[in-house]
Structure formats: C-alpha cells, structure tokens
Amino acid sequence: MPDIYRFHNITTKSRKMTNILKMAEKFAETMNTSVSIYGESGTGKEVFARAIHHASGKKDGSFVVVNCAAIPASLLESELFGHKKGSFTGADSDRQGKLDLHAA
C-alpha cells in the first residue's frame, strides 16, 4: 500500500480529530484487532481505515473495503460471511464472504 496512506498525510483543523488520529496511530501500531468505522458519507472513513491498515503490522496484507450501506440488510450477512448452496432462495452455489476471502 502506498505511503500516501500514512497518518501524517491526513490533515484536519479540528483539535479533537488530531487527537483521534494520534490515538488511532498508536492503536494500529500495537493492537492486532479488527476495526469498524462509522460516519457520514464523504467524511474520510476509507482514508482513515487505510491509514490504520498502513500503520499496522498487516500493511502488506489484504485491505477489504465494504460499503455496508450499499448492501441490502437481507444480504449483508451473506456478503460478509458467505453462504452454502440452498441456504436461502437464490443461493444456487456456495459462496465465500468478503471477510473469508481476505482472512489472514
């Protein structure tokens, strides 16, 4: 992943956001966990997520973007975790979910 996704490349005028960026960078460097980021459209969630990923020990691994708002609620579980053939109407084959495909 390119160096453009480093925390120091994210700019803000908000002192609160500056503190959040510093905290997230420390967290990314020391923790081994998954992160969910919520917010309004256009607020930089993916940029923030990429910076966390870049600062983590998994920066050379897969980075999966999932726009949950674009997936109908009835299909979200199947999209994320996959499904087996016949598990619901229209499931005509086994399918891996986005999280299974990119698990490290």
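## Basis

The model is predicted: local features need pLDDT of at least 70, side-chain atom pairs count only at pLDDT 80 or more, and totals for chains, interfaces and linings use all residues. Residues are numbered from 1 along each chain as its sequence is written, and side-chain values use heavy atoms, with hydrogens and water left out.

## Nonpolar core

The largest nonpolar core has seven residues: Phe7, Leu21, Ala24, Ala28, Phe48, Ala51 and Ile52. Helix H1 (15–30) and helix H2 (45–55) are the elements that each give two or more residues to this core. Such a core is a set of buried Ala, Val, Leu, Ile, Met, Phe, Trp, Tyr and Cys residues joined through side-chain atoms within 4.5 Å. Buried means under 20% relative accessible area, exposed over 50%, and partly exposed in between (1.4 Å probe, protein chains only). Helices (H or I, at least four residues) and strands (E, at least two) are DSSP runs, numbered from the N terminus.

Phe7 is a core member. Neighbours within four places in sequence aside, Phe7 contacts Leu21, Ala24, Glu25, Phe48, Ala51, Ile52 and Ala55. Contact here means heavy atoms within 4.5 Å.

## Salt bridges

The whole structure holds two salt bridges. The criterion is a side-chain nitrogen of Lys or Arg within 4 Å of a carboxyl oxygen of Asp or Glu. Glu46 pairs with Arg50, with 2.9 Å between the closest N and O atoms. Both sit in helix H2, four residues apart, so about one helical turn separates them. Glu46 is partly exposed at 38% relative accessibility. Arg50 is buried at 18%.

Glu79 and Arg95 form a salt bridge through their side chains, at 2.7 Å from N to O. This pair links distant parts of the chain: Glu79 lies in helix H3 (residues 73–81), Arg95 in strand E2 (residues 95–96), 16 residues apart. Glu79 is buried at 17% relative accessibility. Arg95 is partly exposed, at 38%.

## Around His83

His83 belongs to strand E1 (residues 82–83). His83 is buried, with a relative accessible area of 16%. Its side chain makes a polar contact of 2.5 Å with the side chain of Ser78. A polar atom of the His83 side chain also lies 3.4 Å from the backbone oxygen of Ser93. A polar contact is a pair of N or O atoms within 3.5 Å; within protein, one must be able to donate a hydrogen and the other to accept it, and residues adjacent in sequence count only if both atoms are side-chain atoms.

Not counting residues up to four places away in sequence, His83 touches Ser78, Phe88, Ala91, Ser93, Asp94 and Arg95. Arg95 is also the salt-bridge partner of Glu79.
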